[in-house]
Amino acid sequence: MSASKKSIKQTKTKSKAKQSPKGRNVKELDAFALGSANTEYPDTYAPDVLEAFDNKNPGSDAWTTFVCTEFTSLCPKTGQPDFARIYINYIADKKMVESKSLKLYLFSFRNHGDFHEDCVQKICDDLTKLMKPKYVEVIGEFTPRGGICIYPYASNSNNKKIYKDIRAKRFSEYAPGKYTMDLSKIY
């Protein structure tokens with residue numbers, strides 16, 4: 001192997017040690033639960049499991065959507081399980097939510113007794129506290145129990161006019177299914 005090829009190979013090896021394949025600094029990723037060999041699932045409501053990472057593009061606006069198709073919580077009165085799809089749509093600012101921590105967080109509602117509306121508002125509030133996004137909305141599509149579907153909606157924005165306007169417009173136009181998707185067309 002020529003000296004120049006050997007030098008290039010050594011440079012690549014050194015840079016791989018410092019960055020993950022996606023360009024993030026490896027030390028930046030060390031603290032995340034993502035990739036850990038032992039995942040502990042909280043058995044009570046656990047907002048402390050949420051993790052955020054730096055948004056590499058805070059000057060740009062982009063929607064991020066998460067769909068949790070297997071959300072469960074408990075009715076605070078009867079203790080019966082409630083099932084829902086939870087939709088989280090947000091425009092990040094300086095921080096973004098790490099997806100595995102979000103999954104663990106949403107799982108933590110499994111034994112949590114709260115009304116549908118309270119769960120959705122709590123998720124919105126916790127994500128706002130964690131990320132301080134430009135805009136965030138959380139929608140719950142709870143399956144019927146007793147013949148009634150409940151679809152709560154909560155949102156928040158920073159104080160910039162553009163995001164306050166998005167919040168006001170989406171809130172005033174909200175209707176079940178407006179900002180969610182028909183998953184049967186995807187699967």
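This is a predicted model: local features need pLDDT of at least 70, side-chain atom pairs count only at pLDDT 80 or more; totals for chains, interfaces and linings use all residues.

Reply: We may begin with the fold as a whole.

Me: How many helices and strands does the chain have, and which pattern do they follow along the sequence?

Reply: The secondary structure comes to 5 helices and 7 strands. Read along the sequence, their pattern is α-α-β-β-β-β-α-α-β-β-β-α. Two further values describe the chain. Of its 187 residues, 36% are buried. Among contacts with a separation of 6 or more, 67% are between residues 24 or more positions apart.

Me: Which residues have the most contacts inside the largest nonpolar core?

Reply: A nonpolar core is a set of buried nonpolar residues joined through their side chains. The largest one here has 25 residues, and those with the most contacts inside it are Phe71, Ile86, Ile88, Tyr90, Leu102, Ile123 and Leu127. At least two residues each are supplied by β2 (63-74), β3 (81-91), β4 (95-97), α3 (99-107), α4 (116-131) and β5 (135-145). The largest share, 6 residues, comes from α4. Apart from this core lies another, of 7 residues, which includes Tyr87, Tyr135, Tyr153 and Tyr179.

Me: What does phenylalanine 71 touch?

Reply: Leaving aside residues up to four places away in sequence, phenylalanine 71 touches Asp82, Phe83, Ala84, Ile86, Leu106, Phe109, Cys119, Ile123 and Phe142. Phe71 also belongs to an aromatic cluster, together with Tyr45, Tyr105, Phe109 and Phe142.

Me: How many aromatic pairs are there in the whole structure?

Reply: A search of the whole structure finds 12. One of them is formed by tyrosine 105 and phenylalanine 109, with 5.4 Å centre to centre and 90 degrees between the planes, an edge-to-face arrangement. Both tyrosine 105 and phenylalanine 109 are buried.

Me: Why is the pair of tyrosine 153 and tyrosine 179 called tilted?

Reply: Planes under 30 degrees apart count as stacked and those over 60 as edge-to-face, while the rest are tilted. The ring planes of tyrosine 153 and tyrosine 179 stand at 40 degrees, with the centres 6.1 Å apart, and therefore the pair is tilted. This pair links distant parts of the chain, for the two residues are 26 residues apart. Tyrosine 153 is in strand β7 (residues 153-157), whereas tyrosine 179 is in the segment after α5 (161-173).

Me: Are tyrosine 153 and tyrosine 179 buried or exposed?

Reply: Buried means under 20% relative accessible area. Tyrosine 153 has 13% and is therefore buried. Tyrosine 179 has 11%, so tyrosine 179 counts as buried.

Me: Which residue lies over the face of tyrosine 179?

Reply: Arginine 170 lies there, at 3.8 Å from the ring centre. In the aromatic cluster, tyrosine 45 has lysine 122 over its face, at 4.9 Å from the ring centre.

Me: How should I read a pocket, and which residues lie nearest the centre of the largest one?

Reply: Rolling a probe the size of a water molecule over the atoms shows where empty space is left. The largest pocket here holds about 480 Å³ of space. Its lining has 22 residues, of which Cys68, Thr69, Glu70, Phe71 and Ala84 lie nearest the centre. The elements giving two or more residues to this lining are β2, β3, α3 and β5. Strand β2 gives the largest share, 7 residues.

Me: Where is threonine 64 placed, and what does it touch?

Reply: Threonine 64 is in strand β2. Not counting residues up to four places away in sequence, threonine 64 touches Ile88, Asn89, Tyr90 and Met96. Its relative accessibility is 18%, so threonine 64 counts as buried.

Me: Which loop holds proline 76?

Reply: Proline 76 is in the loop between β2 and β3. With a relative accessible area of 40%, proline 76 is partly exposed. Beyond residues up to four places away in sequence, proline 76 touches Gly113, Asp114 and Phe115.

Me: What is the phi of lysine 132?

Reply: Lysine 132 has a positive phi of about 50 degrees, although it is not a glycine. Lysine 132 lies in the loop between α4 and β5 and, at 59% relative accessibility, counts as exposed.

Definitions and conventions. Residues are numbered from 1 along each chain as its sequence is written. Side-chain values use heavy atoms; hydrogens and water are left out. Rings of Phe, Tyr and Trp (its six-membered ring) pair if their centres lie within 6.5 Å; planes under 30 degrees apart count as stacked, over 60 as edge-to-face and the rest as tilted. Buried means under 20% relative accessible area, exposed over 50%, partly exposed in between (1.4 Å probe, protein chains only). Helices (H or I, at least four residues) and strands (E, at least two) are DSSP runs, numbered from the N terminus. A charge sits over a ring if NZ of Lys or CZ of Arg is within 6 Å of the ring centre and within 35 degrees of the ring normal. A nonpolar core is a set of buried Ala, Val, Leu, Ile, Met, Phe, Trp, Tyr and Cys residues joined through side-chain atoms within 4.5 Å. Contact means heavy atoms within 4.5 Å. On a 1 Å grid over the protein atoms alone, a cavity is a set of points where a 1.4 Å probe fits but cannot get out, and a pocket is an open set with protein on both sides within 12 Å along at least five of seven lines; lining residues have an atom within 4 Å of a point. Grid points are joined across faces, edges and corners, and a volume is the space filled by probe spheres set on the points.
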